[in-house]
Amino acid sequence: MTRAPRAPNPTIFGSDQDRTASSPIIRRAVAEIRKRFAGLQAEVLAVFRGIRVLGANDALDAARTVYALGPQEAAAVSLALQQALDRWLLDGRAAADVFWWSAYEDDAARLGTAQTVANLSKLSSSYAAARRLEEVVFSQPYRTRVAVAQVRSLDHWTGLAAGAKSELSQIIGRAVVDGKNPRAVEKELVERLGVRRSDAFRYAQTDIPGTLREAKWAEADHAEEAMGLRMGLLWTSALIATTRPWHASRAGKVYTTTEVRKFYGERGNRYGCFCGQTECLIGEDGKPMLSDALKSTLAKSRQRWVLEHGPK
């Protein structure tokens with residue numbers, strides 16, 4: 001008796017360190033964040049150095065610095081800080097860009113969609129005949145998802161800029177009231193901007209893989225709903241030292257898109273996660289169509305992570 005040909009294994013993208021394969025996009029984003037914060041820091045320090053210093057108040061305390069900062073000067077400093085933050089954190093990168101971060105959202109969504117289209121085209125001849133990457137990225141649902149992601153990011157960066165403005169204004173205000181040494185104030189300003197820059201790095205490491213994953217889930221849902229394919233998501237964990245045990249424990253298991261979305265909506269699971277999900281077909285018996293060799297490979301990788309990085 002001739003056996004029906006076995007469905008091919010899904011294509012697993014990325015590496016053990018980055019199962020979304022989004023690291024190149026993250027590196028570009030981090031480089032731009034670094035450049036923008038360098039420009040912001042230089043401008044913030046220039047604003048502070050523009051405040052006139054009258055000298056030490058010998059009558060009260062020789063160690064106290066007296067700043068010439070009346071109400072009008074304070075308003076000018078506040079405006080200059082706001083303009084600096086707007087210029088470096090909120091302005092577009094080019095005239096064609098609504099917002100400088102939008103390009104990274106676009107890249108992440110397109111990469112995730114391309115991964116899913118390529119994978120499903122290999123797994124299903126009916127999908128390959130009916131679906132093309134260009135069709136997906138020009139569709140209204142895709143454009144709407146990207147727009148939602150871009151609005152979410154704009155809200156984040158607007159909030160970050162507002163928080164930074166408040167913190168920088170407080171540092172300068174306290175320095176003027178307390179007569180703090182200018183060099184100490186500059187150090188405090190630099191340190192606070194460094195904290196905000198680290199926050200921005202963490203956001204890039206969360207938002208870019210997250211946008212990529214969301215694009216994959218949406219295309220998997222379309223394949224199931226519009227084409228009748230029985231779909232599952234094969235979890236591929238990023239098996240690195242910082243991977244959380246409850247993320248690593250999912251490696252090699254198959255979930256629905258609903259289950260995966262629920263997971264990322266809980267316990268801060270979406271933050272700093274480099275795990276991926278790969279579409280796989282579900283057979284008539286309700287089991288994922290995966291080869292024993294692939295299941296063994298994923299199980300061994302998970303066991304190796306447990307030995308090297310698991311709870312002791």
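**A pocket, a strand and a buried aspartate**

Helix 6 (140-178) and helix 7 (182-227) each supply at least two residues of the lining of the largest pocket. Helices (H or I, at least four residues) and strands (E, at least two) are DSSP runs, numbered from the N terminus. The model is predicted, so local features need pLDDT of at least 70 and side-chain atom pairs count only at pLDDT 80 or more, while totals for chains, interfaces and linings use all residues. Residues are numbered from 1 along each chain as its sequence is written, and side-chain values use heavy atoms, with hydrogens and water left out.

The largest pocket has a volume of about 200 Å³. Of its 13 lining residues, the closest to its centre are Arg 145, Thr 211, Glu 214, Ala 215 and Ala 218. Helix 6 gives the most to this lining, with six residues. A pocket here is an open set of points on a 1 Å grid over the protein atoms alone, where a 1.4 Å probe fits, with protein on both sides within 12 Å along at least five of seven lines; lining residues have an atom within 4 Å of a point. The volume is the space filled by probe spheres set on the points, which are joined across faces, edges and corners.

Helix 7 also holds Asp 221. This residue is buried, with a relative accessible area of 15%; buried means under 20% (1.4 Å probe, protein chains only).

Now to strand 5. Six of the six residues of strand 5 (residues 276-281) are buried, so the strand is largely enclosed by the rest of the structure. Gly 276, Thr 278 and Cys 280 cover one side, and Gln 277, Glu 279 and Leu 281 the other.

Methods
Buried < 20%, exposed > 50% of the residue type's maximum accessible area, 1.4 Å probe, protein only.
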